[in-house]
Amino acid sequence: MYNAKITAFGACVPKLEVTNFDLEKIVDTSDEWISQRTGIKARRIVTDETGTDLATGAAKQILEMSGKAPEDIEMILLSTCSPDYLTPNIACMVQNNIGAVNAACLDVSAACAGFVFAMSVAEKFIKAGTYKNVMVLATEVISKFANWEDRSTCVLFGDGAGGVLLERTEENTGVLCEELGAKGSGWEVLGNGHMPINNAFNNAKPLTEADTYVFMDGREVFKFATSKLKESINNVLEKANVSKDEIKYFVPHQANTRIIEVVAKKLKVDLDKFYLNIDRYGNTSSASIPIALEEMKSKGLLEKGDKIVISGFGGGLAWGTMLIEI
Ligand code: COA
């Protein structure tokens, strides 16, 4: 019986840091409003980098840490909801950039929950014995879809990429338990990038540039996130027969500090056990969890045997929670 274990971490964010004070010059907002409502102080925004560039940066760091040659990578599985092209997928372009010529390449899309879904798919390939390793990446350039005249959404998001290497182990460790889910009836609550019908026979209402923008009912997302995160984390821990006390860190999708505070309170878990870096990166969608993991690893917060819970939620409405032993 094979299990899948994280053996390397990587992250890459754009050069440009945009603070709340910078945004005050663009839209009618304030550092005070953004900080109090979201916990965000700054975010990274691309100037000339693509999602592929950021994912390539994360992939190179993963390769270096793992000590593997690019040819050793058997699969690249990448989460994004802000692709550079609809096709080719970003995984193929990363494969080319790092020389991972033997890797099968697949992008998955589950919005901000996408990294947890990608981890789950990767784990299945490893568990089934198909691959001994899978590089799992997430890269997002949500700034492409932000309406920079809409203060209610543009202040929330940032760009970035991160990832891990999952490898086969015969030890009883690594990915221990998970829950994935979706509530499709809530699809209109959060999304971006509506694609037009564009053919010679088109008689649909023409789309405008605004249709590509992020759309969001913030209050509904808030309600969904706070209830689903709590429920999903409880479900996974119960299924795995692991207590909250055994968890060293909860690593939730970094969407809003207030969401995480509410969830910590509902779960009766000290907020200190929730890793937070949203103040510096904003909401980087599916990249937020792997960016956090890389940061935690480089700060020495993740040691062999530590149990952590990663939990993502977002457009779909989709969610995913995974219990991992490092
Ligand atoms: N700066 C200043 N004022 C702002 C603003 C901004 N950036 N954005 C909105 N406002 C104003 C609104 O216009 C409104 O003004 P009004 O009362 O005069 O009409 C007021 O602030 C309150 O807006 P509201 O949308 O009700 O605020 P809120 O308390 O619900 O907070 C969010 C808004 C977006 C921070 C909050 O709903 C949220 O975090 N939701 C979850 C979003 C999320 O996480 N999305 C991604 C999930 S993956």
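A pocket, as the word is used in these legends, is an open set of grid points with protein on both sides within 12 Å along at least five of seven lines, and its lining residues have an atom within 4 Å of a point. All views show a predicted model.

View 1. The domain assignment of the protein gives domain 1, residues 3-171, and domain 2, which consists of residues 176-277 together with 288-325. The C-alpha centres of domain 1 and domain 2 are 14 Å apart, and 39 residues of domain 1 are in contact with 34 residues of domain 2. About 2700 Å² is buried between domain 1 and domain 2, and carbon and sulfur atoms give 72% of that area. On the side of domain 1, Phe9, Val116 and Phe145 supply 21% of the area buried against domain 2, which is more than any other three residues supply.

View 2. The largest pocket holds about 640 Å³ of space. It is lined by 30 residues, of which Thr80, Cys81, Pro83, Ser109 and Asn192 are the closest to its centre. Strands β5 (104-108) and β9 (190-191) each supply at least two residues of this lining. Sorted by class, the lining of the largest pocket comprises 16 nonpolar, 11 polar and three charged residues. Because domain 1 (3-171) and domain 2 (176-277 + 288-325) both give residues to the lining, the largest pocket lies between them.

**View 3. The second largest pocket and the elements that line it.** The second largest pocket contains about 510 Å³ of space. Its lining is made up of 21 residues, and Leu156, Met216, Gly218, Arg219 and Asn256 lie nearest its centre. The elements that give two or more residues to this lining are α2 (31-38), α7, α8 (257-267) and β12, and the largest share, four residues, comes from α7. By class, the lining of the second largest pocket divides into 11 nonpolar, seven polar and three charged residues. Here too the lining takes residues from both domain 1 (3-171) and domain 2 (176-277 + 288-325), so the second largest pocket lies between them.

View 4. The peptide bond that runs from threonine 87 to proline 88 is cis, with omega near 5°. Proline 88 belongs to the loop between β4 (75-79) and α4 (90-98). A cis peptide bond also joins glycine 316 and leucine 317, where omega is about -5°, and leucine 317 is found in the loop between β12 (307-314) and β13 (318-325).

**View 5. Asparagine 241, an exposed loop residue with positive phi.** Asparagine 241 lies in the loop that connects α7 (218-240) and β11 (249-252), and its phi is near 55°, a positive value in a residue other than glycine. Asparagine 241 counts as exposed because its relative accessibility is 68%, where the cut-off for exposed is over 50%.

**View 6. Serine 285, a buried loop residue with positive phi.** Serine 285 sits in the loop between α9 (278-281) and α10 (288-298), and phi of serine 285, a residue other than glycine, has a positive value near 50°. With a relative accessible area of 1%, serine 285 is buried, since buried means under 20%.

Note on methods
Residues numbered from 1 in each chain as written. Predicted model: local features only at pLDDT ≥ 70, side-chain atom pairs only at ≥ 80, totals over all residues. Heavy atoms only, no water. Buried < 20%, exposed > 50% of the residue type's maximum accessible area, 1.4 Å probe, protein only. 1 Å grid on protein atoms, 1.4 Å probe; cavity = no way out; pocket = protein on both sides within 12 Å on 5 of 7 lines; lining within 4 Å. Points joined across faces, edges and corners; volume = space filled by probe spheres on them. Nonpolar A, V, L, I, M, F, W, Y, C, P; charged D, E, K, R; others polar. Domains from an automatic or database assignment. Contact = heavy atoms within 4.5 Å. Buried area = accessible area lost by both parts, 1.4 Å probe.
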